[in-house]
Amino acid sequence: MKYNWLSSLARFSAALILITVVPYSVGAQTIVRPDAAIAQMVKEVSAQNLENTVRKLVSFETRHSLSSTTDKKRGIGAARNWVESEFQKAVAASGGRLTVTQDKYLVKADGRRIPADVEMANVMATLKGTDPSDNRIFIVSGHIDSRNTDVMDVKGQAPGANDDGSGVAAVIELARIMAARTFPATIIFVAVQGEEQGLYGAKHLAERAKKESWNLVALLNNDMIGNSFSDETNLRDNTHVRIFSEGVPALETEEMAALRKSIGGENDSRSRQLARYLKEMSERYVPQLEVVLNYRTDRFLRGGDHTPFSQAGFTAVRICEMNENYQHQHQNVRTENNIAYGDFPEHIDYDYLRKNTALNLATLASLASAPASPENAGIVTSNLTNQTELHWEAPATGKKPSGYFILMRETSLPMWQKKIYVSETKVLLPYSKDNYFFAVQAVDAEGHESLPVVPKPIR
């Protein structure tokens, strides 16, 4: 019989009183500890597999979105077909739960980077969740297309090893490992096309998710996650990775804006909660990798495939290497002043890519195994008090939680400081809401936690 540590803990708790405070520290590992199954999957991430995939993607010479779709050895068509075949290899291990397709869509001429109407395709592998009552979807993506200096150069060599062969390699490796396991929720692994021409594949997928009313909980966009050396500054760092997340939601209503301003919620968007979750997973499962929370939607004045999802109102983040090397990014292949330009496999740090892939895996596996987030979370404001009363409801979809964690932090701090376990759907805390931010997350008997939700004022 599996020991249910949360149920045992709950026997000692009272319905409305703070009982168990679990800080993020080594001493907390008796309560918040790694899942052995997730830790095993993390160990299976192979730097050699990732390198093999990157080198194969580069072998297509160019993956420009407007390159050939009929040539069997060169261009975007050949690359898409190969990625599809790699996804297909994981179907047998999934017991038929993994389905693979090329989701084709028409991109109209825009007078800029699309000179004529063109058909593109996202290569998708969907791992169906095992719980019929759980309709949640999680997406992990990288973009398959590449470019050189001239974004309209269709024929020139554009290796795209790091940008974004690294992201696609991670997605393929994740599908290989995770297809052999079961998760209550559905996970979609996707290599999107058209990023360099204008985020077209991501736009298509976000629009499809919106149109078809997907319960899309989170998107992890991986774009350039394999380079550990920066030109000019000569920094070498394979122990840090950036997570970009929006603070103020791109799709924010007047009501949402008014609430955000009234409670000071600029740093507590759903995407920012996902970024914090990633950081916690790195600390729990991936040694020698520290997540750096970057409080921008993307790099300075730039964007990526997570952007259309944010604009559609979904929770989305970008995972990106700590330091970029512009000698190997958007560069024509050439040698000048003894400097080799071009985005080739030799410039990738494959152990760094392994760690960043493992970060994705730990986060996806934990979220897809966890209960859904609590619903209708509220913070009572009917009386002036130095205590804080929180109420919420159990998630309406998926498995029933074994309990809940209350998260809290001082208003000046970026990360949650404490976890407070309760078994009920309400709690009275001896902490003032004036001085702390709070959130609530559901947790199952094995310790898998949902994304946190921030309570709204209620009376």
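Select helix 3 (residues 47-58) and helix 11 (residues 350-369), which pack at an angle of about 105° with axes 9 Å apart. The two helices are therefore roughly perpendicular (65 to 115 degrees). The model is predicted, with local features requiring pLDDT of at least 70 and side-chain atom pairs pLDDT 80 or more, while totals for chains, interfaces and linings use all residues. Residues are numbered from 1 along each chain as its sequence is written, and side-chain values use heavy atoms, without hydrogens and water.

Next, display the side chains between these helices. Ala47, Leu50, Glu51 and Val54 of helix 3 are in contact (heavy atoms within 4.5 Å) with Tyr350, Leu353, Arg354 and Thr357 of helix 11. This contact comprises five nonpolar, one polar and two charged residues.

Ile38, Met41 and Val42 of helix 2 make the contact with Ala358, Leu361, Ala362, Ala365 and Ser366 of helix 11. By class, seven of these residues are nonpolar, one is polar and none is charged.

Of the 44 lining residues (an atom within 4 Å of a point), Ser269, Arg270, Val453, Val454 and Lys456 are the closest to the centre. Helix 8 gives the largest share of the lining, five residues.

Definitions and conventions:
1 Å grid on protein atoms, 1.4 Å probe; cavity = no way out; pocket = protein on both sides within 12 Å on 5 of 7 lines; lining within 4 Å. Helix = DSSP H or I, 4+ residues; strand = E, 2+ residues; numbered from the N terminus. Axes fitted to C-alpha atoms, helices over the stretch in contact; angles between N-to-C directions. Parallel < 35°, antiparallel > 145°, perpendicular 65-115°, else oblique. Nonpolar A, V, L, I, M, F, W, Y, C, P; charged D, E, K, R; others polar.
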